[in-house]
Amino acid sequence: MGNALPAEERPMVTDPQNHLPDVEACKVAVIGAGAFGTAMATVAARNGHEVCLYARDPDQVASINEQRRNNKAMSEFEIPENVYATTSVEEACEGAAFVIVALPAQRTPDFLKKYRHCIAPQVPLCITGKGLYLPTRKLLGDAIRDAMERDQCLAYLSGPSFAKEIMDMQPTAVVVACTNLSKAEFIQRVLSSLWFRVYTSTDVVGVQLGGALKNPLAIGAGMIEGKGKGFNTMAAYVTKAQLELQKLTIAMGGEPTTVSGLSGVGDLMLTAFGSLSRNRTTGVRLARGDLLDDILKDMTVEGVPTAAVAVHFADQHGLELPIFRTVAAILDRSLPLDQAHLALMGRPLRQEREVR
């Protein structure tokens, strides 16, 4: 199953349950068999496409192929029969119409540099990792292009989408952004169904920033939750946090409408309030006295490295952004969490409407 069928032999996909438009069945590669990679593989497979899922662990691959269960992520869900797992990146990518890269943001550039020979230059990569790249302080897409040393077509999938709820077929809406709109529309058609709706955008800067910058803000929301603060506090925090998100995104070239959409405010709401959010959970645990190093042993938390890079960009553009700075200072231990209240509420009084 590692080789895709020739175009003339592929069926047209029409799912009466999902009311999909006719779209030619294709092979979709998914790199990364964690929770979100498993969810995206399932999304494509439920739409009738052939999916090859890469995982480096042979036992995990065997579990998916033989028991139809991912023993390391989403193990309570059955994996569709048209998902085939492999330990070979080359096998996964061979003949794929596009490749979904579902790796943590900080690992993505080095991985793609190592395996770029397995990916055809003309094949779009759909990146799901959400973060700013810490070593070079760049947008993830720029870091990927530097690592691959070529102008690969990159799309970015973002929006309020917990993997568990995708697997459970809870209605979900996301956005896929690409400078080549036709490529974004193709990914949209392959992945969309009545329970997984994909919108398109050409604002790759705004979608990347929204998906990345909401993560440290969600950590702050978790701190508020963990400290037992009420609805007044949380409402004020999220309102001002989304304003800071908008200011920084616009300063870096993103569009205001993108920030107010699924990849900006939508994703911020999910991660700030959703109990499945690792970033929010990190904030809750910090507020209750857990050490950050201990938390990071348990899970990958994209908001931790992203916080410092967000402050770097704020400095570059002369933006104050007190919430971003306060969260980053707590994470790097330059500000005790108990002093965050004073750092934010003790700032000089001012008008609400300000440029900065």
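Helix 8, helix 9 (231–251), helix 15 (322–331) and helix 16 (340–345) each give at least two residues to the lining of the second largest pocket. Helices here are DSSP runs of H or I with at least four residues, strands are runs of E with at least two, and both are numbered from the N terminus. Helix 9 supplies the largest share of this lining, 7 residues. The second largest pocket has a volume of about 1000 Å³. Of its 34 lining residues, Tyr237, Lys240, Ile323, Leu344 and Met345 are the closest to the centre.

The model is predicted: local features need pLDDT of at least 70 and side-chain atom pairs count only at pLDDT 80 or more, while totals for chains, interfaces and linings use all residues. Residues are numbered from 1 along each chain as its sequence is written, and side-chain values use heavy atoms, with hydrogens and water left out.

On a 1 Å grid over the protein atoms alone, a pocket is an open set of points with protein on both sides within 12 Å along at least five of seven lines; a cavity is a set where a 1.4 Å probe fits but cannot get out; lining residues have an atom within 4 Å of a point. Points are joined across faces, edges and corners, and a volume is the space filled by probe spheres set on them.

The largest pocket has a volume of about 1200 Å³. Among its 41 lining residues, Gly34, Ala35, Phe36, Ala102 and Arg278 are the closest to the centre. Helix 8 (204–226) is one of the elements that give two or more residues to this lining.

A search of the whole structure finds 1 cavity of 30 Å³ or more. The largest cavity has a volume of about 90 Å³, and helix 8 gives the most to its lining, with 4 residues.

The linings divide by class as follows (Ala, Val, Leu, Ile, Met, Phe, Trp, Tyr, Cys and Pro are nonpolar; Asp, Glu, Lys and Arg charged; the others, Gly among them, polar).

| Lining | Residues by class |
|---|---|
| Largest pocket | 18 nonpolar, 13 polar, 10 charged |
| Second largest pocket | 17 nonpolar, 5 polar, 12 charged |
| Largest cavity | 6 nonpolar, 6 polar, 1 charged |

The axes of helix 8 and helix 15 come within 10 Å and cross at roughly 75 degrees; axes are lines fitted to C-alpha atoms over the stretch in contact, with angles from 0 to 180 degrees between N-to-C directions. Helix 8 is therefore roughly perpendicular to helix 15, a term for angles of 65 to 115 degrees.

Note on methods:
Angles under 35 degrees count as roughly parallel, over 145 as roughly antiparallel, 65 to 115 as roughly perpendicular and the rest as oblique.
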